[in-house]
Amino acid sequence: MTWIGLGALAVLLALPAVASPYLTTVCTLIFFYGYLGQAWNLVGGYAGQLSAGHAAFVGVGGYTATMLSLEAGLTPWIGMWVGGALAAALGGGIGYLGFRFGLRGFYFVLLTVAFAELLRVITSNVDAVGGALGLYITFTGDPWQFQFQDTRVYYYVALALMVGATLVAWLLERRRFGAYLAAVREDESAAEALGVNTFRVKLLAMVLSSFLTGIGGTFYAFYLFSLQPGTMFGIPLSVEIIIRPIVGGAGTVAGPILGSFILTPLAEVSRLYFGQGGWHGAHLIVYGLLLIGVVLFLPEGAYPRLARALRRRGR
Amino acid sequence: MDPVLVAQGVVSGILFGGVYSLMAVGLTLIFGVMRVINFAHGDLMVWGMYLSWLLATRLGVDPAVGFVACAACLYLLGAALQRGLVDRIVDAPHEMQILLMLGVALILENAALLAFGPEPTRVRSSLTAWTVWVGPLFVDMARLTAFAVALALAAGLGLFLYRTDLGRRMRAAADNVYGAQVIGTDVRRVYAVAFGVGAACVGAAGALTASFLPFSPALGLSASVASFNIVIIGGMGSLVGAFVGGLLVSLAESLGAVFFRPSLKEVVSFSLLILILLFRPTGLYGRRLP
């Protein structure tokens, strides 16, 4: 499996040299959503704590780096870490509130949704951060300001993000902490009985996941050149974040990436196709059908199924 | 602060609270009976609104009457959703349930977008232009009707649950599925009825508000989130909690709009939610954590 991964990485590194600009753009999105999915996977997949408000961390990270750049002239290359740290603090706060009483499942889902919505409403009302109109970043093409003339740079940055987050997940899986996460996901009471501090494990997973997601926010903001409360904090973005790892296989290293390779091109093509026909929203119906299909027929995700099929053929 | 303005805020808060209560009662009924969170709750409400719009524009039925037909349609839609989809995942892990309901929500919202477009609209009702002055305060008849009907429907639901055989079976199934089966309850039927009634509640809430609340397909999401808020504040699975929570949240939002500004009213209800989760995570009327 590792060899397949390394081979694929080599192909992806060489791809922009031959690919069309459109393909490069789609790949950039694949990597970026793969990155966000991998970050979500740490808490939503490995620890099994379904956060449905991860857009909150994208928003906090993106707004922080952008405000620091616009108001203080601080380069987003540093600002992204500040944004990540603030997102991690928020994730820690939400995790503390949610996990303190052992709130599971439903409560945690609703709590995360509520926080993302709260932040969306607050940002729309604070004029210092652009209010409902949002913030706009003027294009200067200055790499120091995270702006690039050549779109292939975004491609490589997004690829680096995805590979980095995947390495984090891969390393975690092999450590004691990864075993704790799996124990919490599979049977929390049993894990607790064996002496695992489940509160700490879940909190750490949440902090790490929100930190990575916050860093992604900087990329998102400077890739789009604009930030609106609805796009940065809204539930649609949260759905985009969780749907890929779940379709690909939550709690597996390759799941979020596979999910992004399946869904992102599908989303782009159907958005383009239905958008031209004036059928706005039709691609989200496709998403909805896909979600239902995965839940009913492929509840563990595509990657575990694929891995089993490959193993059977290898034998 | 002008006391008349505050009093007006209290009146409109309580009047809209009836609708919030009805939405939350529907959600908490579905959750209480089958432990499934209906993420499509707000989208069902939006469909109730568009049905009432269709009735008003195509057939000339006033929403104050048409809500009955809307509730009946939503009952069928809810029961069909339960039979076709939710029934298969009642025992599945909760993340799978949530994802399935998210899928349903996406489909319902965007089907409404395809059918009716993104522009906000509202339904004309003979009641909207009719206001009554009580001293310095005015009461809008459309809102008063919505409040009264919502109250009556919630009371009717209470009677149904506590006074009829099917209602008792529903409460039995909510309490202990196995026990309910032992005494000969057709749990699948009970589930379908519960989902249908929950959807009918929120559909009626939508139809009743369609004359004074401008709506678009995108409203579904915020309506869902508002219902979740109320249900957690009231205590998940508690009908009384959902009812009281609806009035409380609406009152808090209305006063928030008076004291701060209207666009910040949601901040007030989310703050209320966070306070509840900090100090009383079971909610006002909840007995234990699920």
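Select helix α3 (residues 55-72) and helix α9 (residues 198-224) of chain A: in this predicted model, they pack at an angle of about 55°, with their axes 6 Å apart. Axes are lines fitted to C-alpha atoms, for helices over the stretch in contact, and angles run from 0 to 180 degrees between N-to-C directions. Helices (H or I, at least four residues) and strands (E, at least two) are DSSP runs, numbered from the N terminus. α3(A) and α9(A) are therefore oblique to each other, the class left after angles under 35 degrees (roughly parallel), over 145 (roughly antiparallel) and 65 to 115 (roughly perpendicular).

Next, display the residues where the two helices meet. Phe57(A), Gly61(A) and Ala65(A) are among those of α3(A), facing residues of α9(A) that include Gly214(A), Gly217(A) and Tyr220(A). Contact requires C-beta atoms, placed from the backbone, within 7 Å.

Move to chain B and select strands β1 (residues 131-134) and β2 (residues 137-140), which pair in the antiparallel sense over four bridges; pairing requires at least two DSSP bridges. Trp133(B) has Phe138(B) as its bridge partner in β2(B). Two residues separate the strands of this hairpin, and Gly135(B) in the turn has a positive phi of about 60°.

Finally, show both chains. Their contact takes 34 residues from chain A and 35 residues from chain B. On the chain B side, α4(B) gives the largest share, 15 residues.

Residues are numbered from 1 along each chain as its sequence is written, and chains are lettered from A and ligands numbered from 1 in the order in which they are written. Local features need pLDDT of at least 70 and side-chain atom pairs count only at pLDDT 80 or more, whereas totals for chains, interfaces and linings use all residues.
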